[in-house]
Amino acid sequence: MSEIFKTPLTYTVPAGWKMFEDEPGQFGLTLVANDHPCVCVWRDVRAAATTGAEEPEPGVGTSAKEITTWLAHHKWLKPATPEAVTVGGLTGYVIDVAGNPKASTLIGSGLSAGVHWEASSIEGSSQRVYLLDLGKNGADGNIAINIEICCGVQRAERLAAVEPVLKTFTFKTD
């Protein structure tokens, strides 16, 4: 269980995993054998400015639907279609993201200030991003889960390792 992350998170991982970060707005898990890539969980992210500035993109809302719709149509990302999903008791959307060639995707706010994530077109590099609403349409914020696929890790292998862990996630929202 996370101890510091706001919106407490319980989870179960098989042998070979470790928690590497537990802060109010950021939580992270990774495989011990390969310190990269991570499963990063962030609280209250925004769409990152297309200019590359470390600020939110003007005009994009904060709900899971608004952010994933923006990612799906981002001019510097490969086209993708968001799909409805439930993780840990929260509903939202999942989308696969890859740069075309490189693009800022998410930026933290409030509790997750300092988070600035990008997608690149480096061979084999991509992300699976889950955006989940806290409260109706994100009225109480959002949770982002980013599964990073990079650093020589094969996509199918990475997702096969992470998906069972995600199924154990439970967010405590009351």
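A term first: a salt bridge is a side-chain nitrogen of Lys or Arg within 4 Å of a carboxyl oxygen of Asp or Glu. I also noted that I'm working with a predicted model.

**Entry 1: Asp133**

I wanted to know which side chain of opposite charge is nearest to Asp133. It turned out to be Arg46, at 9.2 Å. The cut-off for a salt bridge is 4 Å, so Asp133 has none, even though Asp133 is buried.

What does the side chain of Asp133 reach, then? I found the backbone nitrogen of Ala64 at 2.7 Å. I also found the backbone nitrogen of Gly138, at 3.4 Å.

Next I listed the contacts of Asp133, skipping neighbours within four places in sequence. I got Ser63, Ala64, Leu90, Thr91, Gly138 and Gly141.

**Entry 2: the strand around it**

I looked up where Asp133 sits, and it lies in strand E10, which covers residues 126-133. E10 pairs with strand E11 (residues 142-149) in the antiparallel sense, over 8 bridges. Across in E11, Asn142 stands opposite Asp133.

Then I zoomed out to the sheet. How many strands form it? I read off 7, in the order E2-E3-E4-E11-E10-E7-E6, with antiparallel pairing, and the sheet is open. Strand E2 (17-22) and strand E6 (83-87) are at the edges; each has a single partner strand, so one side of each has no neighbour in the sheet. From one strand to the next, the twist averages 25°.

**Entry 3: the helices**

I checked helix H1 (residues 64-72) and saw that it lies across strand E7 (90-97), E10 and E11. H1 runs at about 10° to E7. Helix H2 (residues 155-166) packs on the sheet too, touching strands that include E2, E6 and E10, and its direction makes about 145° with that of E11.

Which residues of H1 are buried? My list reads Ala64, Ile67, Thr68, Trp70, Leu71 and Ala72. Ala64 was already in my notes as a contact of Asp133. The cover over the buried residues of H1 includes E5, E7, strand E8 (102-108), E10 and E11.

**Entry 4: the other sheet**

E5 and E8 sent me to an open sheet of 3 strands, in the order E5-E8-E9, with antiparallel pairing. E5 and strand E9 (116-120) stand at its edges with a single partner strand each, so one side of each is left without a neighbour in the sheet. Neighbouring strands here are turned by 30° against each other on average, direction ignored.

I counted the bridges that join E8 to E9 and got 5. Ile107 stands opposite His116 in E9.

From Ile107 I hopped to Ala53, which is 54 residues away along the chain; their C-alpha atoms are separated by 9.9 Å. Ala53 is in the loop between strand E5 (45-47) and H1, and counts as partly exposed at 28% relative accessibility.

A reminder to myself: most residues other than glycine have a negative phi. Thr7 has a positive one, about 75°, and so does Asn137, at about 55°.

Are they buried or exposed? Thr7 is buried, with a relative accessible area of 10%, and is found in the segment before strand E1 (9-10). Asn137 is exposed, at 56%, and is found in the loop between E10 and E11.

Terms used
Residues numbered from 1 in each chain as written. Predicted model: local features only at pLDDT ≥ 70, side-chain atom pairs only at ≥ 80, totals over all residues. Heavy atoms only, no water. Helix = DSSP H or I, 4+ residues; strand = E, 2+ residues; numbered from the N terminus. Buried < 20%, exposed > 50% of the residue type's maximum accessible area, 1.4 Å probe, protein only. Lys, Arg positive; Asp, Glu negative; His and termini not counted. Polar contact = N/O pair within 3.5 Å; in protein donor to acceptor, adjacent residues only side chain to side chain. Contact = heavy atoms within 4.5 Å. Pairing = 2+ DSSP bridges. Axes fitted to C-alpha atoms, helices over the stretch in contact; angles between N-to-C directions.
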